[in-house]
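Please consult the sequence and the structure shown here alongside the text.

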Amino acid sequence: MSALTYVTADAPFTDSGNTAWVLAAAALVLFMTPGLALFYGGMVRTKSVLNMMMMSFITMGTVGTVWILWGYSETFGPDLGGGLLGNPFTHFGLSGVLDQIYGFVPADAAKGTAAAGGIPATAFVAFQVVFAIIAVALVSGAIADRAKFSTWTIFTVIWATLVYFPAAHWVFAFNGYAAETGGWIANKAEGLFLGGAGAYDFAGGTAIHINAGAAGLALALVIGKRVGFRRDPMRPHNLTLVMIGAGILWFGWFGFNAGSALGAGVQAAGVWVNTLAATATAMLGWLLTEKLRDGHATSLGAASGVVAGLVAITPACATVSPVGALVVGLLAGVGCALAVGLKFRFGFDDSLDVVGVHLVGGLIGTVLIGLLATKGSPTGAAGLDVNEGLLYGGGASQLLAQVEGALSVLVFSFVVTYAIGLVLHKTIGFRISKEDEVGGIDLAEHAETGYDFGSLGGSRTGALAGHTASAPATPAGPAASTPSAEKAPKEEASA
């Protein structure tokens, strides 16, 4: 720490290293949404790939906009009561935020500690918005192939406002950081709902993954099954895209988890290691389950195992040891590999296994904290307090807090999402027609196809996505009539 820092430590100042890491982590997490688009896009059939990718991309536009207007304030603004919701108007349009510094710790002469710099509030705004964006995008995988793009776009704004922002306030808003009073799940204090849960969720196992998984289940039930579900082959059309997407997600997830330390130090470094450890064993666990059950270890299984491990370690990455992270990952890999078959047993069409991976993986990671939390974790190594889990002699109190937090988000998200989806479905319609679904949602909703096999050359004004441009009018007569649209390319049997 420089001499200048000591001289000006009587006023809040920023730590440039921590600020740089938080901004870099925010960029990594934003990159995860295009990664998710590739991951989801490869798992659908050829006639749905562009729509699937657009459902992720549009969230960057809609959620990014409403976050600046009211989302940040609703999540991290002054609590309206009980730790249930931030005031959406206090920081509307980021009013009163740009010149603030969060996390500054003044010097303590009695303890002999120097002042510690914080980060600009805008860096915190940037880091949290990318979480909101991908949380909404995750839901789309449950309703692949059959949702109206216009209705989905409206849904992203409503769901973010009524479900994600409140849940994120519960889980991510800590007392005294961005506002005096935070959310009821993250904190335990008088005046909070149920006295506060005091649950651990370092990077979003509840607010993001359980939330998105429960929402995906609700929408899948509202919209109904795809045409041909359990009858027609619906295999991934491009596993190369899936593998690339999984790699991008793994890469970005280091920013997702380690960035949640909001600083570059011991805790962030330990979280990085735990994130790697859990993802490694989750991939191995999924592949082993596949091999024993089906006789083959598949690339789709490897990619899915990676995501399952990342999901499960998200809440636990700061409060379990590296060995604990290996356990979390292994149980998530095996558990999620088995859970993806639940949709066939219970008859709901969760197209891309949002329930089996994100809901189940989020539950596994969140609940295991109550068993595996230890002072020998990144948080303990950073000198911060940790309530140890049941297996480390800490009793059942933390386990009960984890279950309370997980179930609260699950029930809240499912009920409110079901209501939102039902209202939209009954008013403007949430599902495309059967004919459009069979013919291909890409062509019906976007007038494009992902693969134009019928045209190997041409210009910008030539054939595009199954449509041909109209011939210009000539002086001798009216404009030439537009030829009828060509049929979309026939899908391969494996699509």
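## Overall composition

Of the 495 residues in the protein, 54% are buried, where buried means under 20% relative accessible area, exposed over 50%, and partly exposed in between (1.4 Å probe, protein chains only). This is a predicted model, in which local features need pLDDT of at least 70 and side-chain atom pairs count only at pLDDT 80 or more, whereas totals for chains, interfaces and linings use all residues. Residues are numbered from 1 along each chain as its sequence is written, and side-chain values use heavy atoms, with hydrogens and water left out.

The protein contains 16 helices and two strands; helices (H or I, at least four residues) and strands (E, at least two) are DSSP runs, numbered from the N terminus. Among contacts between residues at least 6 apart in sequence, 73% join residues at least 24 apart, a contact being heavy atoms within 4.5 Å.

## Helix packing

Two packed helices are described by the angle between their axes and the distance between the axes. Axes are lines fitted to C-alpha atoms, for helices over the stretch in contact, and angles run from 0 to 180 degrees between N-to-C directions. A crossing is left-handed if the near helix is turned anticlockwise from the far one by less than a right angle, and right-handed if clockwise.

| Helix pair | Angle between axes | Axis distance | Handedness of crossing |
|---|---|---|---|
| α2 (residues 16–43) and α3 (residues 49–76) | about 160° | 8 Å | right-handed |
| α5 (residues 149–172) and α6 (residues 205–223) | roughly 140° | within 10 Å | right-handed |
| α6 and α12 (residues 354–372) | about 145° | 8 Å | left-handed |

Angles under 35 degrees count as roughly parallel, over 145 as roughly antiparallel, 65 to 115 as roughly perpendicular and the rest as oblique. The helices α2 and α3 are therefore roughly antiparallel to each other. In their contact, L30, T33, P34, L36, A37, L38, Y40 and G41 of α2 meet V49, M52, M53, S56, F57, T59 and M60 of α3. By class, these residues comprise eleven nonpolar, four polar and no charged. Here Ala, Val, Leu, Ile, Met, Phe, Trp, Tyr, Cys and Pro count as nonpolar, Asp, Glu, Lys and Arg as charged, and the others, Gly among them, as polar.

The axes of α5 and α6 cross at roughly 140°, which makes α5 oblique to α6. On the α5 side the contact is made by W152, F155, W159, V163, Y164, A167, A168, V171 and F172, and on the α6 side by T206, A207, I208, N211, A215 and L219. These residues divide into 13 nonpolar, two polar and no charged.

Helix α6 also packs against α12, at an angle of about 145°. Here α6 contributes G205, T206, H209, I210, A212, G213, A214 and L217, while α12 contributes V354, V355, H358, L359, G362, L363 and T366. The contact of α6 with α12 has eight nonpolar, seven polar and no charged residues.

## Buried residues within helices

F172 is found in helix α5 and counts as buried because its relative accessibility is 9%. Not counting residues up to four places away in sequence, F172 touches F76, Q128, Y164, D201, A203, G204, A207 and I208. The C-alpha atoms of F172 and G204, 32 residues apart along the chain, are separated by 8.0 Å.

G405 lies in helix α14 (residues 397–427) and is buried, with a relative accessible area of 1%. With residues up to four places away in sequence not counted, G405 touches I185 and T206. G405 and A199 are 206 residues apart along the chain, yet their C-alpha atoms are separated by 6.3 Å.

G245 belongs to helix α7 (residues 239–258) and, at 0% relative accessibility, counts as buried. Its contacts, not counting residues up to four places away in sequence, are G35, L38 and F39. From G245 to G41, the C-alpha to C-alpha distance is 8.9 Å across a sequence separation of 204 residues.

## Positive phi in loops

Most residues other than glycine have a negative phi, and most peptide bonds are trans. L194, in the loop between α5 and α6, has a positive phi of about 60° although it is not a glycine. L194 is exposed, with a relative accessible area of 57%. L262, in the loop between α7 and α8 (266–294), likewise is not a glycine and has a positive phi, of about 55°.
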